[in-house]
Amino acid sequence: MTLKWGGQEEDAESARRAAAELESLLAASTGEPLMIANEFAEVIVRKVETRNGVRLLIRSAKSGQWVSIDPLEAESLTWQNEKTYAAMVGNMFAPLIPEEEVQ
């Protein structure tokens, strides 16, 4: 007997799409990756060329989670204050503002 959960196929398809997107971004990386680490975290930052312009690929070495951000999204980090970052760090492995449930 094989156990399954509701949404298992959707989860698997989402994981396949994310893996394919990450592979594509890694193939488009230019220059040397930059590793930044301290006692709390370790991330690898790469510059990637996409059909829509340059992006930064930031990947957690520990969890494997990643995000690709464009120059405007990178600049928006400079608009934030310490409270915003504290709220994000305090809500680890989850978005600060969750996506709405689709009904």
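Student: Which residue in β3 is the bridge partner of Thr-50?

Tutor: In this predicted model, β2 and β3 pair in the antiparallel sense, with eight bridges between them. They form a hairpin that leaves two residues between the strands. The bridge partner of Thr-50 in β3 is Gly-53.

Student: Is Gly-53 buried, partly exposed or exposed?

Tutor: Gly-53 has its place in strand β3. Buried requires a relative accessible area under 20% and exposed one over 50%, with partly exposed in between. The relative accessibility of Gly-53 is 27%, so this residue counts as partly exposed.

Student: What distance separates the C-alpha atoms of Gly-53 and Ala-18?

Tutor: Along the chain, Gly-53 and Ala-18 are 35 residues apart. Gly-53 belongs to strand β3, and helix α1 covers residues 8–27. The separation between the two C-alpha atoms is 19 Å.

Student: In what order do the elements of the chain run from the N terminus?

Tutor: The chain contains three helices and four strands. Read from the N terminus on, the order of these elements is α-β-β-β-β-α-α.

Student: What is the radius of gyration of the chain, and what does the globule rule give for 103 residues?

Tutor: Taken along the principal axes, the box filled by the C-alpha atoms is roughly 50 × 35 × 30 Å. The chain is more spread out than a compact globule, because its radius of gyration is well over the value from the globule rule.

Student: What percentage of the 103 residues in the chain is buried?

Tutor: The chain exposes about 8,700 Å², of which carbon and sulfur atoms supply 57%. A residue counts as buried when its relative accessible area is under 20%. Buried residues make up 9% of the chain.

Student: What share of the contacts with a separation of 6 or more comes from residues 24 or more positions apart?

Tutor: The share refers to contacts in the chain whose partners have a separation of 6 or more. Within that set, residues 24 or more positions apart account for 15%.

Student: Which residue in β2 stands opposite Ala-37?

Tutor: Strand β1 spans residues 29–37, and strand β2 spans residues 42–50. Six bridges join these two strands, which run antiparallel. They form a hairpin with four residues between them. The residue opposite Ala-37 is Glu-42.

Student: Which residues does Leu-34 touch, not counting those up to four places away in sequence?

Tutor: Leu-34 lies in strand β1 and is partly exposed, at a relative accessible area of 49%. Its C-alpha atom is 5.1 Å from that of Val-45, a residue eleven positions away in sequence. With residues up to four places away left out, Leu-34 touches Val-43, Ile-44 and Val-45.

Student: What is the phi of Phe-93, which is not a glycine?

Tutor: Phe-93 is placed in the segment after α3, the helix at 82–89. Its relative accessibility is 63%, so Phe-93 counts as exposed. Although Phe-93 is not a glycine, its phi is positive, at about 60 degrees.

Student: How far apart are the C-alpha atoms of Glu-23 and Lys-47?

Tutor: Glu-23 is in helix α1, residues 8–27. Its relative accessibility of 60% is over the 50% limit, so Glu-23 counts as exposed. Glu-23 and Lys-47 are 24 residues apart along the chain, and their C-alpha atoms are separated by 14 Å.

Student: How far apart are the mean positions of the positive and negative charges of the chain?

Tutor: The chain has 10 positive and 17 negative charges. The mean position of the positive charges and that of the negative charges are separated by 4 Å.

Note on methods
Residues numbered from 1 in each chain as written. Predicted model: local features only at pLDDT ≥ 70, side-chain atom pairs only at ≥ 80, totals over all residues. Heavy atoms only, no water. Rg over C-alpha atoms; globule rule 2.2 N^0.38 Å. Buried < 20%, exposed > 50% of the residue type's maximum accessible area, 1.4 Å probe, protein only. Contact = heavy atoms within 4.5 Å. Areas by Shrake-Rupley, 256 points an atom, 1.4 Å probe, with all protein chains shown as cover. Lys, Arg positive; Asp, Glu negative; His and termini not counted. Charge placed at Lys NZ, Arg CZ, Asp CG, Glu CD. Pairing = 2+ DSSP bridges.
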